[in-house]
Amino acid sequence: MIGAYLLGAFVFSLLLFLNRNKLLNYLLVAGFLVLQWVFTVYEYNHLNTEELGYFIPDSLAVIFLIVLSIVAVPAFYHSYIYFKHNRDIPRERAIYHAAMVVLIAALSAAYLSSHIGITWIFVELTTLSATALIYHRRNLRTLEGTWKYIFVCSISITLVFIGILFLTLALQEEGLKNLSYQALMNKASVLNVFWLKLAFLFIFTGYTSKAGLVPMYTAGIDAKDKAPSPAGALIGSVLMNVGFFGIFRFYEIISHTSIFNWANKIMLISGALSVFVATVYMLRVKNIKRMLAYSGVEHMGLVVLGLACGGIGRYAAILHLVLHSFAKPTLFFQIGQVYRVYQSKNIYNIGNYFKYNITGALVLLFAYFIVTAMPPSGMFISEFLIFRAMFESGNTWLLVVILLLLTLIIWSFGKTIFKMLFTRPIGFNEENVEKIPVVESLSQFILLAMVIYLGLNPPSEFINLINTAISNLPL
Amino acid sequence: MANILLITFLISLIYIGVAKRLYTYITLLAFQGIVLFGVAFIELIEINTINLIFILFETIVFKTIAIPLFLNYTINKNNITREAEPFLPNFISVVIITIIILGSFLLSNTIHDQHLQKIFFIVAVSALFTGLFIIATRRKIITHVMGFLVIENGVFILSLAVGNEMPMLVNIGILLDIFVGVLLLGIFVNKIGDVLKEQDVEQLRKLRD
């Protein structure tokens, strides 16, 4: 099925790229969504069956494949709205949609791949397609964002490749050749520790550019700011998951070796620094989209902290990642509507949003509570479990610092959101304000409701999938 | 023989440190391409013909001819000033690159692995950090790209160290090279030339908080 899927996605993106007709464009997009969903359901029903030798839909892959397919639907819907209200040149629209299809297909394949080299190839493909999305507006500022993204991602992907080469050196010493995750996990305990340490450092550093963690988080920030908001929603959620995948798959291998504790320490440092950096920037950032991007850095930091602390933290990390992938796109979609009202992303120019768009303002308000993990948000549960894991693993002082930083984040995020909702904007002309139809916010309410539902009352099937996903890690 | 070529490669890294003009950088990159071909040819004895042609294509056609020609074309087309304009004096650059090479020697001494030919490791790590150093200390976008190409050369050398066992990895590395090369140079440097008058990184520093 994956072969047919990849071929189908390629054909769809090629047709989208060549086609200039508006109606046909959206028919093709709908066709691709159907393909994506058929593929998702098929893989869900064929758990752990190897395909083409390089792809295994294990529980982790299937969870995030479903998340991706769910987020893709509103992303395409909001892209449609975006083109209805912005410059709609057939050539640009064709490139945009073709790039979206390639991005989603590359993400699906990267999730499912069971070979470290194949994951790497598809992650590289996501860089290419994301580039086309970021450069969509074709002006000087998007050029700058694209250039930075392309450059940092190219260096990171090279670092990952160097890490894979170091891993190969370790394998060569033992006369092994198989680079699939399963084989690596079985043989991990006999590999040379020195090479494994180097490999972990390089692979971890390389994938942080996608995952949005310290040290390479910078590229993603500009990308999410400059891409059109529906594309930003994908870059800010499911694309970050793929970086986490790269780290997690290698972390599983490391967990069977003697350097497991050392790797945990590295991840603790990176996670804590990510939360710290996110706090520092969120206190002073004036561009709402960049604030959302830094909030993503904070959440990824928490996820890595939960993973590194072990115990219940691993379950919480995966849950948190899933919930974040639903909550963050909501905010990006809503910012797209905010931008249509105010024509600005600067918080000084935005205000009294309740007056101009009640439904959108409600989304913004609810999404704020959800993203900062206040009850009844499902993220409250996952964050609470992460904190418990940190406490149980003896990182109490780190936990205190993280909680203080989170308080600062909630304060500054809240200050911004409430300013946007209730305070009068500077120099805003009330005439000709666009009325946003209520129905356009519907998808956002559904996503928010899912965050609450999956956090408070997760279906047992979902819990099983998460527990199987983390079952490869030693207790 | 491979050792002599690899040491020549190391010397070319130091030369990049003193180079003042962009054309010197381009010549050095082309030269490194030839050296890499020599190393690959000697090192990969057990390789089959198709792979050899692929590697020949990568080192000679791509690294030695296509990229230097394209860089030349870009410089001429966009009227980029010929100076490399480093932030640091050249003397300090040379000292730092020497320290990088010494550091990789010391690091390689801590490895106890009889399968590994250490010289590959040393040269690859030196090229990696020299490339990062060039990116960090030069002003122009095009010199950043050149620093990245130096890193790619280092990666190629490292992949040769495992090349006899796993030729697939060498091929993936080449794929990376060509893919990123085309992406960075082909699409992007041209676009930047269209939008920006002077290709100075300073103009791409407006996105901040």
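1. Among the contacts in chain B with a separation of 6 or more, 73% join residues 24 or more positions apart. Two residues count as in contact if their C-beta atoms, placed from the backbone, lie within 7 Å. This is a predicted model: local features need pLDDT of at least 70, side-chain atom pairs count only at pLDDT 80 or more, and totals for chains, interfaces and linings use all residues. Residues are numbered from 1 along each chain as its sequence is written, while chains are lettered from A and ligands numbered from 1 in the order in which they are written.

2. Fold of chain B. Chain B has seven helices and zero strands. Its pattern along the sequence reads α-α-α-α-α-α-α. Helices (H or I, at least four residues) and strands (E, at least two) are DSSP runs, numbered from the N terminus.

3. Burial. Chain B has 209 residues, and 42% of them count as buried. Buried means that 20 or more other C-beta atoms, placed from the backbone, lie within 10 Å of the residue's own.

4. The A–B contact. Chain A gives 29 residues to the contact and chain B gives 32. On the chain A side, helices H5 (116–134), H6 (140–173) and H12 (260–284) each supply at least two residues. H6(A) brings the largest share, 18 residues. By type, the chain A side holds 14 nonpolar, seven polar and eight charged residues. Here Ala, Val, Leu, Ile, Met, Phe, Trp, Tyr, Cys and Pro are nonpolar, Asp, Glu, Lys and Arg charged, and the others, Gly among them, polar.

5. Confidence. The model scores ipTM 0.90 and pTM 0.93. Where pLDDT is low, the predicted coordinates should not be read in detail.

How values were computed: Buried ≥ 20, exposed ≤ 12 C-beta atoms within 10 Å, placed from the backbone.
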